[in-house]
Amino acid sequence: MKLRSKGRYSLLESSMYPSLYRMLDKGLISDRQEKVGKRRVRVYYHLEPAGEEYLEKAKEEYLSLTFGVLGILGVKKTMEDDDER
């Protein structure tokens, strides 16, 4: 995530797991556990169709709010402008 955001955002493990558990409870994602070694278990998460719909709606709401705030602040620069450097 830090790499994809070009260092602008990092997510701590301690804040990620509660979010994953809430998404599991809501049926937005599913998980598959796989035993690795004698005692370790690796968990793989999969985005379900309901999660895809939720993600698209959340992205639309986020971008709408972000562009609104940028407009209020008078910011004309876009993320695409930053990527072209």
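How many bridges join strand 1 to strand 2, and do the two run parallel or antiparallel? Eight bridges join strand 1 to strand 2 (residues 40–47), and the two strands run antiparallel, where strands count as paired if DSSP finds at least two bridges between them.

## Basis of the model

This is a predicted model, in which local features need pLDDT of at least 70 and side-chain atom pairs count only at pLDDT 80 or more, whereas totals for chains, interfaces and linings use all residues. Residues are numbered from 1 along each chain as its sequence is written, and side-chain values use heavy atoms, with hydrogens and water left out.

## Overall architecture

The protein chain has three helices and two strands, and from the N terminus on its elements run α-β-β-α-α. Helices (H or I, at least four residues) and strands (E, at least two) are taken as DSSP runs and numbered from the N terminus.

Of the 85 residues in the protein chain, 6% are buried; buried means under 20% relative accessible area, exposed means over 50%, and partly exposed lies in between, with a 1.4 Å probe and protein chains only. The accessible surface of the protein chain comes to about 7900 Å², of which 56% belongs to carbon and sulfur atoms, the areas coming from the Shrake-Rupley method with a 1.4 Å probe and, for residues, with only the protein chains shown counting as cover. Among contacts between residues at least 6 apart in sequence, 13% join residues at least 24 apart, a contact being heavy atoms within 4.5 Å.

The 13 residues of helix 1 should span 18 Å at 1.5 Å a residue, and the end C-alpha atoms of the helix are 19 Å apart, which agrees; the expected span is 1.5 Å times one less than the number of residues. Helix 1 is followed by Gly27, whose phi is positive, near 80°.

The structure holds one aromatic pair. Tyr17 and Tyr21 form this pair, which is tilted, with 6.2 Å centre to centre and 35° between the planes. Rings of Phe, Tyr and Trp (its six-membered ring) pair if their centres lie within 6.5 Å, and planes under 30 degrees apart count as stacked, over 60 as edge-to-face and the rest as tilted. Both tyrosines lie in helix 1, four residues apart, about one turn of the helix; Tyr17 counts as partly exposed at 31% relative accessibility, and Tyr21 also counts as partly exposed, at 46%.

Strand 1 and strand 2 form a hairpin with three residues between them, and Gly37 in the turn has a positive phi of about 75°. Val36 stands opposite Arg40 in strand 2, while the bridge partner of Ile29 in strand 2 is Leu47.

Leu28 is placed in the loop between helix 1 (13–25) and strand 1 (29–36). With a relative accessible area of 10%, Leu28 is buried. Leaving aside its neighbours within four places in sequence, Leu28 is in contact with Met23, His46, Leu47, Glu48, Ala50, Gly51 and Tyr54. Of these residues, Leu47 is 19 residues from Leu28 in sequence and 6.4 Å away in space, C-alpha to C-alpha.

The 25 residues of helix 2 should span 36 Å at 1.5 Å a residue, and its end C-alpha atoms are 36 Å apart, which agrees. Helix 2 is followed by Gly74, whose phi is positive, near 75°.

Side chains of opposite charge can pair when their charged atoms come close. A search of the whole structure finds two salt bridges, a salt bridge being a side-chain nitrogen of Lys or Arg within 4 Å of a carboxyl oxygen of Asp or Glu. In one of them the side chains of Glu34 and Arg32 meet at 2.8 Å, N to O; Glu34 counts as partly exposed at 34% relative accessibility, and Arg32 is partly exposed with a relative accessible area of 44%. Glu56 forms a salt bridge with Lys59, the closest N and O atoms being 3.1 Å apart, and both residues lie in helix 2 (residues 49–73), three residues apart, about one turn of the helix. Glu56 counts as partly exposed at 40% relative accessibility, as Lys59 is partly exposed with a relative accessible area of 39%.
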